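Q: Could you take a close look at the salt bridges in this one and walk me through them? I'd also like to hear what surrounds them.

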Amino acid sequence: MIKYIAKKLFYAIVTIWIVVSATFFMMQAIPGDPLMNEKRVVPEIKENLRKYYGLDKPLHEQYFIYLKNLATGKMGMSFQYKNRTVNEIIANGFPISASLGMRAMIVGIIAGLLLGVVAALNHNRGWDRFSIFVAIIGVSIPGFVIAALLQWVFGVKLRWLPVAQWKSFAHTIMPTFALSLGLIANLARFMRSSMLDVIGQDYIKTAKAKGLSPFEIVWRHQIRNAILPVITILGPWIAIIITGTFVIETVFAIPGLGKFYVQSINMQDYTLITGITAFFGSILVIMNMLVDIAYGIIDPRIRISKRSS
Amino acid sequence: MEMKYLMFYLDRWKTNSKKNKGGNVVSKKRLLSIVAVMLAFAMILTACSPGQPAASDQTEGAEQTVGTVQDEQVLRLSLFQEPGTLDWQRSDSNIEIYILSWIMEGLTRYKHGEIIPGLAEKWDISEDGKTYTFHLRDAKWTDGQPVTAEDFKYGWLRALNPEDPMSYAYFLYDIVGAKEYNTGEGAAEDVAIKVIDDKTLEVTLKNPVAYFDYLVSFSTYYPTRKDIVEKYGNKFNAEAQNFVTCGPFKVETWEHEAEMTFVKNPDYWNASEIKLEKIIGPFISDNQTEFNMYEAEELDMTIALNADQKAAMTKGEVKNFNDGSVWFFDFNVNHPVLKNVNIRRALTYGVDRESFIKNVSKRPWIPALSYVQPDIIPDVNTDKTFREVGGDYFKDNDVETAKKLLEQGMKELGLTQLPKLKFMCNDTAEGQLYAQAFQEMWKKNLGIEVELEPVPSAVRIDRQQNHDFDISYAGWGPDYPDPMTDLDLYTSWSGNNDPGYNNPEYDDLIVRAQNETDRVKRFELLHQAEAMLMRDLPIGPLYFRYTDYAEREYVKNVYRKGVGVEIDVVYAYIEGKNK
């Protein structure tokens, strides 16, 4: 197991290195630079600014400085936020994005799995149709539409909830739901088909023949087996959802990380682009690694095959 | 200065509003019923999710006036987005500049289109108009220290320090020795800022700058405390508790990316004139969210309003203000065809601005038949604007004249057919829509075929700067309320002269105006310069942009204008909210 994890860790580091290097060079290829302004900065001042930010150095030198800083965890000052380091920006935004993300995960996993299980157990009946319906809605309607609608109905018309911002529990309800809907839909669909697959297996018949109670059959045999493939898709989902989403956070004015994925590129904020990418890349890689490990723990077949190989 | 941000945020706002508009239109009817079911379901689920609120609740304060008829003096407005910096010498965007004007003050203050004394009680100007002596009043920083002439000198030299470059340093270039110091050719000691005593500051300028009393109201010119800068270093003005200011309001809280609040500064020298007790400024960058918050009575005004929102609005009133920008075609005057003035005139005269505004942009803009903005730039006698005195230079949609000029121009060039011109525009939905409208008009009115070149705005700016275009869709916003802010753009040495216009006569007019101490003569020269520009048309004016916004009827005296401080709430107050 330790060897397995060490190998995964090595690949993870290589992956992150490739991602940040590719980002570093690609962003330099975007026309313009972080100091560009519609109203031109006086050339002499611009020269001084370039020097100040180290942009006058040759690209490879900038790259090595960047890698060195990154290795020590320093991601530099943001260009756009002139008094804040990228570390501070991430430290400020990530807990909020993560809090929203975790809420959405909890709602999404519970509702999604429940819906999937109920649908499979009521195959081709009312609950099944309802769950398919929810899945289609959740997958096909973009988050900002849901977000805007929620805001309009519950914020403006009914005045039950505050329209936006991230302050009290009431403020979190709409964004949590808007963010979890996609997850609910995906999980419900996935869980449903996975369950249907399991229901048809011989060992279910055996269990029935053994005279196990229906609850035990569902709980110990069907769900436990059906949930495995679902865990695979959870890794990337968690990474995406806890690091913040542009649309939901923008619509609900939530001070998370989400908006920086778009804004940093628009503003060509080099340090913020690379910092955010490195951070997101690491979370994604770590999540995938955790899923791999969790998979090994949950599924005895994988454990065994690992041991024998 | 403002231009990038102004355009950036208006463009973003438009993109955002488009996105949301799309969302609402598609979804409202169809999905409402579906969503209702979903929501019932979700309410139960989300109620189960654990967790603590991320921050304490404090917005509702404004709503609760306990049993009094007195209006609580609290104003709630969106600040759009987290300011890049509130270090006033370093600031270079609109939003930063207006927030700073609430918490700081310069030697003068630009109040509702007029210069009034600020931290300087009075000032003397020498005969030649080049030496200003400012006499400071007794004013205090929020930590109780007096504001001194030394604080100004320190702040100004800080703005010019080449070791710690500030993009707006050029705002001080009119001062003798300033540019030299900033570009590393001179020393700090040679900059002509002299502290006579604690309360007297003397500045010597290179030219008699007619608008210098405005410049000293601007954030780059704010006084700065050396001890505070040294204490906080890079965190100067970066957190609520780090601010030491001397303006009408104080920063109370700053939750990054979320919200700022301000309270009245009781020690401000003119505190009796300030009525608001508190300003609550959440950062709401999505224009539809801002509108929804306004409709839900969570905000008292909006930054902007689009046509759909205008129609849907149920509260308060629609107002509009000149956002300061003028929009035009940039003609590359070195292009083999566009070098001909008659062709440029034909292209300018032959489009229908009135119809464009009414049918395409659908915003409260006005056709530009001249260059310098209306409303915001006064003439020599300040009761009239430069625009009112200058008037229009050509007619809108003058197809007849345009056709004749086109024919004449082609004859001069020896052409029987125009080669296909390229028209560069932003690649946003709106950028392309607007450009297409003019493309269509040229084709219909003049039979001129033009090819669109939609590019990302960064590419457009880059190519404009390198004169790498035929025609480009461009705009400009003023730095200060004087026609020079627009007119010196087209001097041959200007870094913003995208068309490449090079006319020694024009250059001469501008230089003469810059050195003229007689105001009447100076304005004559400036009008002559504008007339020359409108004769040669290196740019083809299109429209002056105005922005709609919503404001509740109980909000009084908020002043908006597209030059300097865009949202001035310093003298605002609330009246009649608790009727």
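A: Let's start with Glu202(B) and Lys194(B), whose side chains meet in a salt bridge at 3.9 Å, N to O. The term here means a side-chain nitrogen of Lys or Arg within 4 Å of a carboxyl oxygen of Asp or Glu. Lys194(B) counts as partly exposed because its relative accessibility is 48%; buried means under 20% relative accessible area, exposed over 50%, and partly exposed in between, with a 1.4 Å probe and protein chains only.

A quick word on the ground rules. This is a predicted model, where local features need pLDDT of at least 70 and side-chain atom pairs count only at pLDDT 80 or more, while totals for chains, interfaces and linings use all residues. Residues are numbered from 1 along each chain as its sequence is written, chains are lettered from A and ligands numbered from 1 in the order in which they are written, and side-chain values use heavy atoms, with hydrogens and water left out.

Next pair: Glu252(B) and Lys278(B) form a salt bridge of 3.3 Å, N to O. Glu252(B) sits in strand 8 (residues 249-255) of chain B and Lys278(B) in strand 10 (residues 278-282) of chain B, so the pair ties together parts 26 residues apart in sequence. Helices (H or I, at least four residues) and strands (E, at least two) are DSSP runs, numbered from the N terminus. Glu252(B) is partly exposed at 36% relative accessibility, and Lys278(B) is partly exposed too, at 24%.

Then there's Lys310(B) with Asp548(B), the closest N and O atoms being 3.0 Å apart. This pair links distant parts of the chain: Lys310(B) is in helix 8 (residues 307-312) of chain B and Asp548(B) in strand 16 (residues 539-551) of chain B, 238 residues apart. Lys310(B) counts as partly exposed, with 38% relative accessibility, whereas Asp548(B) is buried at 6%.

Both chains get involved in a network of salt bridges that links Arg84(A), Lys259(A), Glu82(B) and Glu257(B). Over all chains, the structure holds 36 salt bridges. As a rule, side chains of opposite charge can pair when their charged atoms come close.

Now for the surroundings. Phe243(B) is in the loop between helix 6 (226-232) and strand 8 of chain B, and that strand is also where Glu252(B) lies. Phe243(B) is buried, with a relative accessible area of 9%. Not counting residues up to four places away in sequence, Phe243(B) touches Leu86(B), Ile103(B), Thr142(B), Asn237(B), Val251(B) and Trp254(B), contact meaning heavy atoms within 4.5 Å. Between the C-alpha atoms of Phe243(B) and Tyr232(B), 11 residues apart along the chain, the separation is 9.8 Å.

Arg522(B), in helix 17 (residues 519-536) of chain B, is buried at 2% relative accessibility. Its contacts, again leaving out residues up to four places away, are Ala210(B), Tyr211(B), Asp482(B), Met484(B), Ala513(B) and Glu516(B).

As for the nonpolar side, the largest nonpolar core has 172 residues, and Trp156(B), Tyr371(B) and Tyr473(B) touch the most other members. Such a core is a set of buried Ala, Val, Leu, Ile, Met, Phe, Trp, Tyr and Cys residues joined through side-chain atoms within 4.5 Å. Apart from that core lies another of 58 residues, including Val86(A), Leu100(A), Ile204(A) and Ile217(A).
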